[in-house]
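Me: Hi! I'd like to get to know this structure. Can we walk through it together?

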Amino acid sequence: MPFTKDFFDNYYRVVHLYEALFRAPSVTVMLKAYGQDYELFKVLKTDEETVTFLYIDETKSCKVSTRVSHTTAMAWPAISLPYDVIATVTIYPSLTKGKGADYRYRPRK
């Protein structure tokens, strides 16, 4: 059974449960699709057929100035994937503190 819009609209709840169970200060969320692993940073958008998210890839990112705080942040690449090509979603403790998934995404109603 493929993943769905509902799963990605609410995946942060699973992350919260994981953190509470293991008291993990930071987690990594990995998506596997087309035989490639994507380290999820933030879900940008979901629709009925695809999920669009930022993923961590040091070779495809750059530092940028933020508009609001005028600080430097990393601009991560984004990708849109159909739900039916996502094979797995794996959650585990982050090895690098502060670089893990930004799971605070909340869908707009």
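**Around Ile86**

Me: Which residues does Ile86 touch?
Reply: Leaving out residues up to four places away in sequence, Ile86 touches Phe3, Phe8, Leu31, Lys32, Ala33, Val51 and Leu81; contact means heavy atoms within 4.5 Å. This is a predicted model: local features need pLDDT of at least 70, side-chain atom pairs count only at pLDDT 80 or more, and totals for chains, interfaces and linings use all residues. Residues are numbered from 1 along each chain as its sequence is written, and side-chain values use heavy atoms, with hydrogens and water left out.

Me: OK, what about the largest nonpolar core, how many residues has it?
Reply: The largest nonpolar core has 18 residues, and Ile86 is among those with the most contacts inside it, as are Leu31 and Phe53. Such a core is a set of buried Ala, Val, Leu, Ile, Met, Phe, Trp, Tyr and Cys residues joined through side-chain atoms within 4.5 Å. Buried means under 20% relative accessible area, exposed over 50%, partly exposed in between (1.4 Å probe, protein chains only).

Me: New topic: is Phe8 buried or exposed?
Reply: Phe8 is buried, at a relative accessible area of 2%. Phe7, at 26% relative accessibility, counts as partly exposed.

Me: And Ser61, buried or exposed?
Reply: Ser61 counts as buried, with 17% relative accessibility.

Me: What does Ser61 touch?
Reply: Not counting residues up to four places away in sequence, Ser61 touches Met74, Ala75, Trp76 and Pro77.
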